[in-house]
Amino acid sequence: MKIDKSAKYCKTHEWVRVEGDLLVYGISDYAQDKIGEVVFVELPEEEEFAKGESFSVVESVKSANDLYIPVSGTVVEVNEALEDDPDLVNSDAFGEGWICKIKASNPSELDELLSAEDYEKMISELD
Amino acid sequence: MSFKRTNLYDWHLKNGATIVPFAGWELPIQYKTGPIVEHKAVRTDAGLFDIDHMGQIIVSGDEATAFLNGLVTADLTKLDMGNSTYSLMCLPSGGVIDDLFIYRLAKGWMVVVNASNLEKDYAWLKKHGEGKNVSIEDQSEETYMIAFQGPKAIGVLDSLTDGRTGKIARFSSAEETLFSVDLLIGRTGYTGEDGVELFYPASQAEKVWQGIIDQGKTVGVDVLPIGLAARDSLRFEPGFPLYGHELNEEKTPLEGRLKWACALDTDFIGKDAILKQLEEELPSKIVTFELTDKGVPREEYRVLNPDGEDIGYVATGLYAPWVDKYCGNAYVKPEYAKIGTEILIQIRKKTKKAVVIKRPLYKPSYR
């Protein structure tokens, strides 16, 4: 299972990476492995969301999985490549499978997320 | 609730299966490669399905043929020895109790039923068999059932049976011995591909299963095990109904477009209701639809007309891998059943555009 050491994580298996003044957002390699082959990603609207709101859905063959925004902010860019190749989420969860970029309105909320080490420990205890 | 396991359960675990509960059983929903690869492998090569959860009820005795013919929609008197037919078993209301495959064998009629309906079917047969000279025996425990499907499946079995498997006609069957196990080979299946379903003693479950995979290697055919997810998408594309989705006790064969499975020149329970419904407007009708907007339809999502009025529900919804469409079957009011009709599918908070399309999405290779 891959882990991106430079990202922070939610208990619900989303990752966030700081790139410049934006946050890049996706689901973890562990999560994509658990939900199986992704056939569609309902990309978020480019608008403002409050922390914890459901703002996107990743659909695998057998399930629709809600994604929650980990920090309050505005979605400024979505990964349009997922419209044609949703399985990028499976093949490269931390890279080409990114879902959106967020301009955080309260960046201190980032501190509440798990470090890569803590997330790795959490998933090792799940299996 | 405790779940039953097939005799291949440990094999599935060893071979990377993800196990889920299904119809009272713990069964593989997929293996390592995932359901899309599995689906395509059955369309291009060959796949093996552990379907031992399905039930087998043997109906025999002097009155067996007349008795069973009065309970199912097919005309069994037309079947030659060794042949099989798809059929429905209906309530007096016309609602479907179960869909079945029925084989005419020397030992009697073998009725192959859905796992989730085994107890209900058995009780229904027993109740109607009271006082008649028939024996009704549930042989599900001792009978193992697997399916071997795909364009290369027959070739693998031909290499083991000196070419005899390929000579079995579609919907017929033959007795053979494979890997020292006596079995019944039926030229049947539920994937839209050529192939077989095998019935043999449950104690030999792995011997035959592994034997087929190994023989595939010998003759250069990669035989993949196939899980429930791909089994569902494989039966959907050629338009085969699945009980609990397209079929239930509330919907009749006419609503499900299964009139072809009803021999209306014979008498069976439910026939009167079906004949009456033929004279009336149907309450609903099954359609196949494709999303023209992006999204994944799922079972139980509501279907709306372009004005936003509720007109039905999704019975099966999925991404169909071979035809590469986001699509499904829905029960809608009959005025919306015409090909080309624009409908809407309610997906969470949004409505997505869809259109009624021609059935089936995939023409079975043996037709």
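## Two helices crossing in chain B

In chain B, helix α2 (residues 35-44) and helix α7 (residues 228-236) have axes that come within 8 Å and cross at roughly 50 degrees. Because of that angle, α2(B) counts as oblique to α7(B). The crossing of α2(B) past α7(B) is right-handed. Keep in mind as you look around that this is a predicted model.

Which residues make the contact? From α2(B) come B:P35, B:E38, B:H39 and B:V42, and from α7(B) come B:A229, B:A230, B:S233 and B:L234.

## Where the chains meet

Next, let's turn to the two chains together. On the side of chain B, 12 residues are in contact with 10 residues of chain A. Both β3 (25-30) and α2 of chain B supply at least two residues each to the side that touches chain A.

## A sheet in chain A

Chain A holds an open sheet of six strands, in the order β1-β2-β3-β9-β8-β5, with antiparallel pairing. At its edges are β1 (8-9) and β5 (48-49) of chain A, each pairing on one side only.

For a closer look, follow strand β2 (residues 14-19) and strand β3 (residues 22-27) of chain A, which pair in the antiparallel sense over six bridges. Within that pairing, A:V16 has A:Y25 of β3(A) as its bridge partner.

Notes
Residues are numbered from 1 along each chain as its sequence is written. Chains are lettered from A and ligands numbered from 1 in the order in which they are written. This is a predicted model: local features need pLDDT of at least 70, side-chain atom pairs count only at pLDDT 80 or more; totals for chains, interfaces and linings use all residues. Axes are lines fitted to C-alpha atoms, for helices over the stretch in contact, and angles run from 0 to 180 degrees between N-to-C directions. Helices (H or I, at least four residues) and strands (E, at least two) are DSSP runs, numbered from the N terminus. Angles under 35 degrees count as roughly parallel, over 145 as roughly antiparallel, 65 to 115 as roughly perpendicular and the rest as oblique. A crossing is left-handed if the near helix is turned anticlockwise from the far one by less than a right angle, and right-handed if clockwise. Two residues are in contact if their C-beta atoms, placed from the backbone, lie within 7 Å. Two strands pair if DSSP finds at least two bridges between them.
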